Amino acid sequence: MAEHTDEHPHGPPTLAAVTGTAKPADEHENGTAGSMPSTSARLEKSPDSGSDINLDEVGDSDASELQTKSAASDAVVTVVIHGKKYDISNFDDHPGGPAWLKCVAGEDATTHFEAHHLRIDRARARLATLPVIGSARIFHKWDWSETGFHATVRRRAAAALLENVGVELLNESDAAKVPREIWRHATSSTLAMRLTRIFAVAVYIAAFAATCVTRSPWMAIVCGVMTAVMGGFGHNALHQRGESWDCWLFECGGMSHDEYRMGAHTEHHMNPNLPEDPDAFGMSPFVVWAPPADGRSVWRMLRCIFSPLVFHIVAAVAILFSQGSHLSCPGFCKRDARRNCGLVAPLLQLCMLILSGWLHSLHEDFLGGGLINKDANGSLWILHSIGLWFLIWTSGSFYFMLVTNVTHNQERNWMASPFDVRDWGAWQMATATDISIPCGLRGVPLCGMMLIFLHEQTLHHLCPAIDHSRLPCIRPIVQRTAKEFGLTLHPPRNYFSIYIGMLAALAGISVSNVWASTCSSQKQRAPSSLA
């Protein structure tokens, strides 16, 4: 893989040395793209370059100046895009909201920039108004050529989304000229999606209320499934601009949408099935570190039985484990990404279940007769309440994890190599699998919600900022463009077949070699990738 230093640099979050010391944020008010700090005082080595500076070789006044400039540099918020280091300290009107800037602050954001802006010309024009305070030579694994597959799909998808809401374009480049309000309408939820969302929230509330009243384990399981569905709606919203009310549905699933945005989770979309992907890291004990499945050895038999079993157990307790980690391990995630709002729904449900159990224990005939007799052990109703709560969250976690994990863990998804696929869009197609919905109901949100809206996983990864309800209209565009570039948009498969495919991957069907070689190759290249 070639090293790109001008147009297409990219690499790990570590930034290379800049050409000069960054100025404080208030000194960049009149800065323009391509401008460098005008101060004549330059350090031989930048404070944020990571280089050692021998203070014994400078005087007291020089050391004081060094400390002052170092503090000023720390106050500047920067991102690197295509090798240029931009000062975003005063970028207060980012159309997508400040959260997206926070999640890439101080890092290389080239992939985020290219992936989240379908109207890339408009984004580049806005980027050109930001001050450039340095440069970075970074190892880049993706080719962002304007003639590549991803760039072509991006242009055509933007035009198709606008045409879907009645906007006629003379050519694809006119999409950048469309007013923001029309573009927002073309990329946000359809009416059917909004109605489905309201219906789902009502079912979720009703299922939990029925669990409290009937104290039924079956209603607890239904409520658990609906918590996973709420997570799907929240996941759909948090990828889009701003922060709408439906982002908070992610919290109903026991997770924090802010933490998902700002933590390492967004790397899953930028680098699926690569070492940077936290979801791939979660699967590595099964597909990389597990004993080899070659031959007829006892290891193969143990892996075929043990790996799927452990995965299903982990899937059932994954969300509870995440919640417990927030309470007991403050270092569970990055400090600036840590959010505890995902704990609100679980704790509130636990309190309400205990309250309903107490009322049942007081009145045998409460609402038609409680399941817990008042003469029984006084602590039984508490244990029953905790058991119902545990069942809600384990069934919800199990459902959520089994739906979300199948779409990236087929043998085909793991056999792709980034050294063979240089186009970012082609890599998304190689590492994602879509779920079919029968009877021509693929575009109906009511059906898609039961699959956490991951039935269009490939299109979602190609256009992560677009509402799921708008994705079906660009599928023909992606399919046609893929054919032009010699690629294949694989047809959706029924859930049962890809679930079996995931189990095969867990059992070790030749999926570990590519991932392991990718890890080792990146470790070997990393030291020489920075200038």
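**Entry 1**

I began with glutamate 172, which forms a salt bridge with arginine 155; their closest N and O atoms are 3.6 Å apart. I then placed the two partners: glutamate 172 lies in the loop between α5 and α6 and arginine 155 in helix α5, so the pair ties together parts 17 residues apart in sequence. I noted here that the model is predicted.

I looked up the accessibility of both residues. Glutamate 172 is partly exposed, with a relative accessible area of 34%. Arginine 155 also counts as partly exposed, at 30% relative accessibility.

**Entry 2. Arginine 154**

I turned next to arginine 154, whose side chain meets that of glutamate 114 in a salt bridge of 2.7 Å, N to O. This pair links distant parts of the chain, since arginine 154 is in helix α5 and glutamate 114 in helix α3 (residues 110–116), 40 residues apart.

**Entry 3. Aspartate 434 and arginine 475**

I recorded a further salt bridge, between aspartate 434 and arginine 475, with 3.2 Å between the closest N and O atoms. Aspartate 434 lies in the loop between α17 (424–430) and α18 (445–448), and arginine 475 lies in helix α20 (residues 475–484), so the pair ties together parts that are 41 residues apart in sequence. Aspartate 434 is buried, at a relative accessible area of 2%. Arginine 475 is buried as well, at 13%.

In a search of the whole structure I found 16 salt bridges.

**Entry 4. Helices α5 and α6**

I examined how helix α5 (residues 149–164) is set against helix α6 (residues 180–187). Their axes come within 9 Å and cross at roughly 90°. The two helices are therefore roughly perpendicular to each other.

Which residues of α5 and α6 meet? Ala158, Leu161 and Leu162 in α5 meet Ile182, Trp183, Ala186 and Thr187 in α6. By class, this contact has 6 nonpolar residues, 1 polar residue and no charged residues.

**Entry 5. Helix α4**

I listed the buried residues of helix α4 (residues 120–127), which are Ile120, Ala123 and Leu127. Seen down the axis of α4, these buried residues fall within an arc of 60°, so they line one face of the helix. I also looked up what they pack against: β1 (78–81), β2 (84–87), α3 and α5.

**Entry 6. Phenylalanine 91**

I located phenylalanine 91 in the loop between β2 and α2 (98–102). Phenylalanine 91 is buried, with a relative accessible area of 11%.

What is phenylalanine 91 in contact with, leaving aside its neighbours within four places in sequence? The residues are Leu101, Arg126 and Leu130. For leucine 101, 10 residues away along the chain, I noted a separation of 8.9 Å between its C-alpha atom and that of phenylalanine 91.

**Entry 7. The whole chain**

Of its 531 residues, 51% count as buried. Among contacts with a separation of 6 or more, 73% are between residues 24 or more positions apart.

Note on methods: Residues are numbered from 1 along each chain as its sequence is written. This is a predicted model: local features need pLDDT of at least 70, side-chain atom pairs count only at pLDDT 80 or more; totals for chains, interfaces and linings use all residues. Side-chain values use heavy atoms; hydrogens and water are left out. Axes are lines fitted to C-alpha atoms, for helices over the stretch in contact, and angles run from 0 to 180 degrees between N-to-C directions. Helices (H or I, at least four residues) and strands (E, at least two) are DSSP runs, numbered from the N terminus. Angles under 35 degrees count as roughly parallel, over 145 as roughly antiparallel, 65 to 115 as roughly perpendicular and the rest as oblique. Contact means heavy atoms within 4.5 Å. Ala, Val, Leu, Ile, Met, Phe, Trp, Tyr, Cys and Pro count as nonpolar, Asp, Glu, Lys and Arg as charged, and the others, Gly among them, as polar. A salt bridge is a side-chain nitrogen of Lys or Arg within 4 Å of a carboxyl oxygen of Asp or Glu. Buried means under 20% relative accessible area, exposed over 50%, partly exposed in between (1.4 Å probe, protein chains only). The arc is that of the directions from the helix axis to the C-beta atoms.
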